[in-house]
Structure formats: structure tokens, C-alpha cells
Amino acid sequence: MSNPDEGATHNGDAGPSATAFTPPAYVENPTPALGFGVSSITRRWKREDLFNKGSLIARGFAFLLSLLSFIITASNKHGDWRNFDNYEEYRYLLAIAILSTLYTGIQALIHVNALWNVKQILNQRISAMVDFVGDQVMSYLLISSVSAAIPLTNRMREGQDNAFTDSSASAISMSFFAFLTLAISAVVSGYKLSTQSYI
């Protein structure tokens, strides 16, 4: 004869299959809290806006410095041997200063247009590639013109220091600072290029 208490316990226990299933918590990929995606998007927009404005400021400074180098070199004519166009190094410095002034001026106008107008002149990926390559090439040309003109200026200043050599040194300094600002702009352009989606 079976024990009634034993039967009640046995019938009341439905076994392990009847217990409610609770899914395990995902520790590695927790569900993001409400608003997490929105805040990350706004942070990204602010970062992109900061990089765009920083790139515009760097290009503006590069334009100003290149223009100063161009003006100082072109006006460096003091008669006889003290004319810039008698020296190949200074003619090269002037040519690169003109190129840099044109490039940075056009790029600054394009970036002002992109900041103030919704419609862009170029596709965003193409624009990032043009910015990066152009900044790299212009930076290289500026530093090469500076390195070509420095030895000649140093040799002249050893003989005598005058207005011609001082103007040449000023133009070289402006081109060097233009190189530095374009190098900073090239770093920003490289970052913007690396964040582009190619899908």
C-alpha cells in the first residue's frame, strides 16, 4: 500500500522541465541603455565639426603665411647681386609660395562653403582624398623649398648681414611655418580619410 503523503509530493513535483526558463544575462554585450546611441552620434558630430573647423583654421594660417612668404620674396630686390631672381633657390622658394597660396586659398574657400552650405562641391570621400593628398604634396614642396634656400642664406649671412639676407630669412621662416600648419592639416585630413566608409 502506497503512502498518501508520498503520492502527493510526487504528483505536485512536475520535474525540471516545468520550471520557468530565464535566459542568461549577456555580460559581454549588454543591452545599451536608452539614449546611448543618440549620445554617441552627437559626440561623433561634434568631433567631426571640431575637425572641420580646425582644418579650416590651419588652412587659413597656411594661406596667410604662404602669402607673406610670397610677398617678402617677390619684393626682395635691393639692386646688383641683392635681387632674389638672381638665385635659383629663391626663385624656387617664390614658386612654391605662390603654389601654396593658391592651394590653401582654394581649399579654405571650399571648406567655408562646406561649413555654411549644405551642398558640397565634391563627394565627401573624394574631398577627403583630395585634402589628404594635396596637404601631403604641398607640405613636401614647402619643406623642400625651405631646405634649398637655407644653405644659400647662411652662406650670405656669414659674409655680411643686410636687408637682402634678412628678407630672405623672413621669407624662409614664413614658408617653414606654412609647412607646419599644412602638416597639422594633413594629420587631420588623414584622420578624416580613415573614418570614411567605403561600402
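Predicted model: local features only at pLDDT ≥ 70, side-chain atom pairs only at ≥ 80, totals over all residues.
**Around S139**
- S139 belongs to helix α4, which covers residues 124-159.
- Is S139 buried or exposed? S139 has a relative accessible area of 7%, and because the cut-off for buried is under 20%, this residue counts as buried.

**How α3 and α4 pack**
- Two packed helices are described by the angle between their axes and the distance between the axes.
- Helix α3, made of residues 88-116, packs with helix α4 at an angle of about 150°, and their axes are 9 Å apart.
- The angle makes α3 roughly antiparallel to α4, because angles over 145 degrees fall in that class.
- The crossing of these two helices, α3 and α4, is left-handed.
- Sorted by class, the contact of α3 with α4 has 15 nonpolar residues, along with seven polar and three charged ones.

**Spans listed in UniProt**
- Which residues does the unreviewed UniProt entry list for "transmembrane region"? The entry gives 50-72, 92-116, 128-150 and 170-191.
- In the model, residues 50-72 are 100% helix and 0% strand, with end C-alpha atoms 33 Å apart.
- Residues 92-116 are likewise 100% helix and 0% strand, and here the end C-alpha atoms lie 36 Å apart.

Key
Residues numbered from 1 in each chain as written. Heavy atoms only, no water. Axes fitted to C-alpha atoms, helices over the stretch in contact; angles between N-to-C directions. Helix = DSSP H or I, 4+ residues; strand = E, 2+ residues; numbered from the N terminus. Parallel < 35°, antiparallel > 145°, perpendicular 65-115°, else oblique. Left-handed = near helix turned anticlockwise from the far one by under 90°. Nonpolar A, V, L, I, M, F, W, Y, C, P; charged D, E, K, R; others polar. UniProt positions renumbered as here; feature names shortened; annotations may be inferred. Buried < 20%, exposed > 50% of the residue type's maximum accessible area, 1.4 Å probe, protein only.
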